[in-house]
Each structure stands twice: as C-alpha cells, then as structure tokens.
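Subject: Structure handover

Hello,

Here is the structure I promised you. My notes follow it.

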Amino acid sequence: MPARPPKFRLDALLASLALIIICVISLGNVIVRYTTDASFAFTEEFSVFLLVILTFAGASVAARHNQHIRIELIEHVLPPRLKKAVFVLQWLAGVVVLGLTTWYGGKFALEEYQWQSLSPGLGLPNWVYVVWLPLLSAAILIRITQNLVDRLKGREDPEVIHES
C-alpha cells in the first residue's frame, strides 16, 4: 500500500511560517546592524508577536498529536475504564483554561479594537496582535477535543500513517 501524503494542517503551516519569518527578520536585522550600525525598528515588535503565534499554533499541533507534557504514570497503571475517566478529566481541565483564555482574549481584542489602541513601537493597531490569542486558543480547544475522541476510541495518534 503506497504511503499517503501527510494531511494539510493550517495550525502547522502557521507555526512554520511564524518561525521562518522570525528567522528571516532576525537575520536581516543582524546583517543590517553589523554592516550599518543601525537596525530595523520593527523586528522586536514583530518577533514577539510571531513568537506568540508560533507558541499557540505549535500548542495546537501538539494537542492534536497528544504530545503535551503531562504525567502519564497514572494513565499507564489504570484499567481502561478508569483511564478513560482520566482522559475526560484532562480534557475538562484544558477546556476550562482554554475556554477562559478564548473568552477573555476575545474581550480584550474587542476592547483594543474599540479603543483604537496603537502599539508603542510601530503605532500599528493592537487588536491585530491580540486577536490571535482567542483564535488560536479556540483552535487548541478544537484539537484537544479531537484528541479526546481519538483517545476514548483507543487511537494513540490518528495523524500517524500506518502501513500494513
């Protein structure tokens, strides 16, 4: 059976693009600073913004693949029925945290938009930076829910392609 190509994932693409852009603008800033004793004004502000994007998009990818850091000892020693209860408790804890992050992040982004706040460095609208917090928190919420469904069905990582 021929291997299938990996599935397209927007969160993985977003994380990859954020990392690439951080590398390019940081390298460009180093070269310009070394050759001219000046630097680009936007690099720090954009790098911090892109690092947040990278973190949340990467967390979404890790949630889908069940790769977040956790203590697995309890999962390994429990019988299957109790193990499923632990999976649901883990999911509920994630839903609470990410639900609050999505809700308050959304409120914060809306307030930044309404107040027309500008970033201190470049004077860009702050909501452009902040709106990614609730969007990517919601993406992680979706991914942990997908992960819960798969784990309850006994699938470790549905994204891995198994060849028979």
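What covers the buried residues of α2 includes α1 (10-36), α5 (126-130) and α6 (132-152). Helices here are DSSP runs (H or I, at least four residues), numbered from the N terminus. Buried means under 20% relative accessible area, exposed over 50%, and partly exposed in between (1.4 Å probe, protein chains only). Among the buried residues of α2 are Phe-49, Leu-50, Ile-53 and Ala-57.

The model is predicted: local features need pLDDT of at least 70, side-chain atom pairs count only at pLDDT 80 or more, and totals for chains, interfaces and linings use all residues. Residues are numbered from 1 along each chain as its sequence is written, and side-chain values use heavy atoms, without hydrogens and water.

Helix α2 covers residues 43-64. Its 22 residues should span 32 Å at 1.5 Å a residue (1.5 Å times one less than the number of residues). The end C-alpha atoms are 31 Å apart, which agrees.

His-65 sits in the loop between α2 and α3 (73-77). His-65 is partly exposed, because its relative accessible area is 22%. Its C-alpha atom is separated by 12 Å from that of Asp-11, 54 residues apart along the chain.

Regards

Note on methods. Helix = DSSP H or I, 4+ residues; strand = E, 2+ residues; numbered from the N terminus. Contact = heavy atoms within 4.5 Å.
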